[in-house]
Amino acid sequence: MNIDIKSILASGERVTLECKKAQHSVPNSLWDTYSAFSNTYGGTIMLGVVEHTEEKDKSKRFEIVGVEDADKIRKDLWNTINSKEKVNVNLLRDEDVQVVDVEGKSVVVVNVPRAESSIRPVYINNNLSRGTFKRNHEGDYHCTEQELKMMLRDANEAGNDRMILEYYTMDDIDIPTLESYRIMFKTDNPDHVWNDLDHKEFLMQLGGYAFDRKERIEGLTMAGLMMFGKGLPIRDRFDNLRMDYIDKSHLIGEQRYSDRLTYDGRWENNLYNFVRMVLPKLTIDLPRPFRMEGVIRKDDTLQHKAVREAVTNMIIHADLMLNGILRIEKYDDRIVLTNPGLLKLPIEQIYQGGESKARNQRMQNMFRMIGYGENLGSGFPLILNAWNEKHWMRPELVEQPELMQVKLTLYFENDPVNDPVNDPVKLTDRQNMILQMFDEDKTLSKERLCEKMGLSKATIKREIAYLKSIGKLKRIGSDKTGYWLVEK
């Protein structure tokens, strides 16, 4: 493996890079960082490099001092991590620990991967509560009790919403809500055998009601109560969670909002009702071309499906045990959807599609049975394709660890980069400037490029993606150790 130390140091963020002097031995603090990287985004640890944090100039911030006995440090590291006494799980492969010569000095480079959600939390010293760390731009920090509980819930591959809520029965179900759902279910599945079942049996088949034979308890599951329950029992059991829709589009004068849906006693605030009431409000301004199939008008566009997918995703990926809000905000130029919980998959993997790890798998199935939600792993690419068809700015998915939430923004503005009105070969001044900067400094990081040009990270990502798509820019090697190649 060819590792370019200087390139990593030049472009490295503190959230994914940790440098330690460690000239004589493996420092104990390395394991805090190992846990933190594993539980967050992954990252690179360099032993034999001193970071002068007070230095603002990145080119002067890191000093390579080297380690005295790289083979001994490497051996000690492997002995410790394989003993299982220091860390609960070893995520490293042989190629993840390398010794690199930099101007005659040896640097030990440890690439720590992000742990799968089924393995997290990764902790040290056999101490789950005090030995679990996460990473932010300030360094490693002890996980809070809420963060720890979230990771433990996410480790359950069966999802969160299967939990039986003891003492919550069919009396807590809002029958008009369930009947409304069953009408949609029958419309989409007219010959399904579940259509003849009574309400309780129907819910059992959907995963909304369950028996635990071992514990000899029965009752509504989290999915059943949250999707079809009466408002009061839901608020009684899940007082940590709120649903909120606010429309800030078409404002006049000093209006703060033009429409709002929150708890006001006029609707049973379950998730099915929330989605059913909000979706028409979100899609009313989307263009609906006139199209007939026989004598039936078909005006359900790809963009309408994408909005349904986005709302469904917000719910099925939410951690409903956290304190938070399922919030949908509508503006003239965008829709913003926010849900409690962090991503179970890396963002780049979500954009690519092909895999889905919903927290609320029973709710996911409930929505899919009435035509909401695509097949596993294809939902987010559907949203991207729908927005690309209209040449709108690329949807932006952001994880906000400090708020314990995820935010998705769907823009309605045309993306000047992909607007077909413009000649796709003719570059803008901004695109030419980006190419010039990469040509002058092939290891320039996206973060540094943002600083130099005064642009947001999202804008830079879109511009780079376009320049790559038309063959003007290539990335040679990995994100950490590679470089940019500008095609003349």
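**Loops, sheet and helices**

Mentor: Start with Ala22, which counts as buried because its relative accessibility is 14%, under the 20% cut-off. Keep in mind that this is a predicted model.

Trainee: Where does Ala22 lie?

Mentor: Ala22 is in the loop between strand 1 and helix 2. Its phi is positive, about 40 degrees, although Ala22 is not a glycine.

Trainee: And His250, what is its phi?

Mentor: His250 also is not a glycine, and its phi is positive at about 55 degrees. It belongs to the loop between strand 11 and strand 12.

Trainee: Is His250 buried or exposed?

Mentor: His250 is exposed, because its relative accessible area is 52% and the cut-off for exposed is over 50%.

Trainee: Back to strand 1. What is the strand order in the open sheet of four strands?

Mentor: The order is 1-2-6-5, and the pairing is mixed. Strand 1 (17–20) and strand 5 (97–102) are the edge strands, each pairing on one side only. From one strand to the next, the twist averages 25 degrees.

Trainee: In which sense do strand 1 and strand 2 pair?

Mentor: They pair in the parallel sense, over four bridges, with strand 2 covering residues 43–47. Leu17 has Thr44 of strand 2 as its bridge partner.

Trainee: Which strands does helix 2 touch?

Mentor: Helix 2 (residues 29–39) packs on the sheet and touches strand 1, strand 2 and strand 6 (105–112). The direction of helix 2 makes about 165 degrees with that of strand 2.

Trainee: What about helix 4, which strands does it lie across?

Mentor: Helix 4 (residues 70–83) lies across strand 2, strand 5 and strand 6. Against strand 5, helix 4 runs at about 165 degrees.

Trainee: How many bridges join strand 5 to strand 6?

Mentor: Six bridges join them, and the two strands run antiparallel. Val102 has Lys105 of strand 6 as its bridge partner. The two strands form a hairpin with two residues between them, and Glu103 in the turn has a positive phi of about 55 degrees.

Trainee: Next topic, strand 11. How many of its seven residues are buried?

Mentor: Six of the seven are buried, so strand 11 (residues 241–247), with each of those six under 20% relative accessible area, is mostly covered.

Trainee: Which strands does strand 11 pair with?

Mentor: Strand 11 pairs with strand 15 (residues 324–330) in the parallel sense over seven bridges, and Met243 has Leu326 of strand 15 as its bridge partner. Three bridges join strand 11 to strand 12 (residues 259–261), and these two run antiparallel. There, Tyr245 stands opposite Leu261.

Trainee: Last one. At what angle do helix 16 and helix 17 pack?

Mentor: Helix 16 (residues 446–453) and helix 17 (residues 457–469) pack at about 110 degrees, with their axes 10 Å apart. They are therefore roughly perpendicular to each other, and the crossing is right-handed.

Trainee: Which residues make the contact?

Mentor: Helix 16 contributes Lys446, Glu447, Leu449, Cys450 and Met453, while helix 17 contributes Lys457, Ile460 and Ile464. By class, the contact has five nonpolar, no polar and three charged residues.

Definitions and conventions
Residues numbered from 1 in each chain as written. Predicted model: local features only at pLDDT ≥ 70, side-chain atom pairs only at ≥ 80, totals over all residues. Heavy atoms only, no water. Pairing = 2+ DSSP bridges. Axes fitted to C-alpha atoms, helices over the stretch in contact; angles between N-to-C directions. Contact = heavy atoms within 4.5 Å. Parallel < 35°, antiparallel > 145°, perpendicular 65-115°, else oblique. Left-handed = near helix turned anticlockwise from the far one by under 90°. Nonpolar A, V, L, I, M, F, W, Y, C, P; charged D, E, K, R; others polar. Buried < 20%, exposed > 50% of the residue type's maximum accessible area, 1.4 Å probe, protein only.
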